[in-house]
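I wanted to get my bearings in a structure I had not opened before. These are my notes, in the order I looked things up.

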Amino acid sequence: MTPLNKIFRRAARQDASTAEGQAADLPISTTENAEALSLDIAANDPLVAYFESASGAVDVETLELESPALDALRTAGVKLVVPLVSQGELIGLLNLGPRLSDQEYSTDDRRLLDNLAAQAAPALRVGQLVREQEDQARERERIEHELEVARLIQQNFLPRELPDLPGWQVSAHYRPAREVGGDFYDLIELEGGLVGLVVGDVTDKGVPAAMVMAATRSVLRAASQRVASPAAVLELANDLLCPDMPPKMFVTCLFAVLEPASGVLRYANAGHNLPCVRTAAGAVELRATGMPLGLMPEMTYDEKEAVLGPGESLLLYSDGLVEAHDPGGEMFGFPRLRELMGRAASTSPVDGLLAELDRFTGPAWEQEDDITLLALERAPQPIAAGKTNGTVLAAFELASIPGNEREAMERVAAAVAGLDIAAPTLDRLRTAVSEAAMNAIEHGNEASAELPVAVQVLADPDVLRVRISDLGGDRPIEPAERPDLEAKLEGLQKPRGWGLFLIEHMTDGMDSWTEGERHTVELTFRLRGEKDADESL
Amino acid sequence: MQTSRFEARVQLGHEAAVVELEGDIDGSAEAALEAAYAEAASHEARVVRLDFSDVAYINSTGIALLVGLLAQGRRDRVELEAEGLSDHYREIFEITRIADFVRIIPDGNAS
């Protein structure tokens, strides 16, 4: 009898890992060539089904099947095949060439082979399973090792400690997903006491993302020392990153420069989530547009400016927070983030948001992406009656009659006429004063003509402040719904409700406080350099 | 007390009905604005162009009126255009996203 060679490859069945028509690789042996030969059997080859249902050894020569694999067996000189079947699945073949005596295989030969196959098949299946598990364990180990490398790279490039900024509370949180993403954040000391703020997210995960994150962080640090403006920093970083960015990868990034003494924040955005500011009047998003880093060279970026007033908080964050899902599949989402940021809170935005995220996702949540939060809270201004900030340019009172907001607007505009304010800023001032006065008349004083609305205009060399007070401070203020134009057009929101939104966008800052029944809203307009900025638009 | 004054006149053209707005667009403009739109729409104009050249002041209530007009235009399948906007109100149209739904005609391009 021809010696049997080892033929231990699992035959392919059409299953999750074997697509229709995909070839299985079965070695065969012949008398001429005792080495196992590879034989591809397509999963849909009728020979597979035939062998699986065969009751014992099969004569290859007498088989009548349209089968490429059968042709290959014949070509290789195989005379007799004993299918190895385990639990109805073909897992291997014993292939025999012609007997050395050239006689046919006898009934005893076939019985012996059948018995051998019956015992070999389960043992072979066990061997195959052990090998598969070993392969899987090795793959898991390799992935874990790669993730550990990615974690090490990433954590090595995150700030080890946060800067101590007088008048500010800085907090940060970074929580990597199991499959480490490419999040990063940074705080960079700049000349003149300025602080660079960065939050970014690299597409992709694992070691490639971590490597790009490390490079981006270094490039941003270097660029921020060479050029002053956030837009220029992103432009330079983009040009430096583009040539070496791996295919299909890019970096979203928010870069801002904070002047801690004044609260002035200049920022530019390379396709990242919009920063969110908690103000007394609700959450405000800081918009600026620009393409992610590393996609195309010679990109330009919008640069915008805002003033973080006393008591206001800035939040920079990555996708991992807003794209988290609860057990029912609902996403945390931007509206929820804005709503949480819009609430007055005694805790920092970071602590509050993480607590809400944990409540939202539940304890069994497997984190889907890195979560990065960076928050800067400006200490609140002590509230004192009769406080002043600069020279009083005007102080007057109006009756709470709808329409009198126009008078407030004209009188404030007249009061600042000597300040040489650029025309666009003056337009914004007029609109903001009009809206704030209308709120005071219609909501604060409920249009009771006998109740006065007080207006005070103060200026110092850097900042113009307009304070508008009503007597509605003893009543709770209804939280304002953020206007959404599409919702209004679809009838889901009322057409009105634009006042606060306009004030937020027309001013550089807004603050409010209550002393007894007196409720005051302070509108802030930055004067220093505003003309240059407006004229460059 | 300030009193506001607002008028809206409809001029029917070949391509669009032009609504010439004059005065302040605030709460007191509601009736005149809606009447002007209704008149323009009654002539089956597919495009209604709002001419803001003589508008000096729009407040948040005026923005709400324009949003209402925009919603009505959507229902009537009437396209709204705006011309003669100052830079300031163009900025407000952009931040409120009204500019995403109203075609703003640059100065000098009005026909």
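I call two residues in contact if their C-beta atoms, placed from the backbone, lie within 7 Å. On that basis the contact takes 19 residues from chain A and 21 residues from chain B.

Before going on, I noted that this is a predicted model, where local features need pLDDT of at least 70, side-chain atom pairs count only at pLDDT 80 or more, and totals for chains, interfaces and linings use all residues. Residues are numbered from 1 along each chain as its sequence is written, and chains are lettered from A and ligands numbered from 1 in the order in which they are written.

**Sheet in chain A.** I took helices (H or I, at least four residues) and strands (E, at least two) as DSSP runs, numbered from the N terminus. Two strands pair if DSSP finds at least two bridges between them. I found an open sheet of five strands in chain A, in the order β7-β8-β9-β10-β13, with antiparallel pairing. Its edge strands are β7 (182-189) and β13 (304-307) of chain A, each pairing on one side only. I then looked at β9 (residues 251-259) and β10 (residues 264-270) of chain A: seven bridges join them, and they run antiparallel. A:Val257 stands opposite A:Arg266 in β10(A).

**Helices on the sheet.** For angles I used axes, which are lines fitted to C-alpha atoms, for helices over the stretch in contact; angles run from 0 to 180 degrees between N-to-C directions. Helix α4 (residues 206-226) of chain A lies across β7, β8 (195-202) and β9 of chain A, at about 20° to β7(A). Helix α5 (residues 230-241) of chain A lies across β9 and β10 of chain A, at about 150° to β9(A).

How do α4(A) and α5(A) cross? Their axes come within 9 Å and cross at roughly 135°. I wrote down that the two are therefore oblique to each other (under 35 degrees is roughly parallel, over 145 roughly antiparallel, 65 to 115 roughly perpendicular, the rest oblique). Among the residues making the contact are A:Val219 and A:Leu220 of α4(A) and A:Leu236 and A:Leu240 of α5(A).

A:Gly509 stands opposite A:Thr524 in β20(A). The hairpin has two residues between the strands, and A:Gly516 takes a positive phi near 60°.
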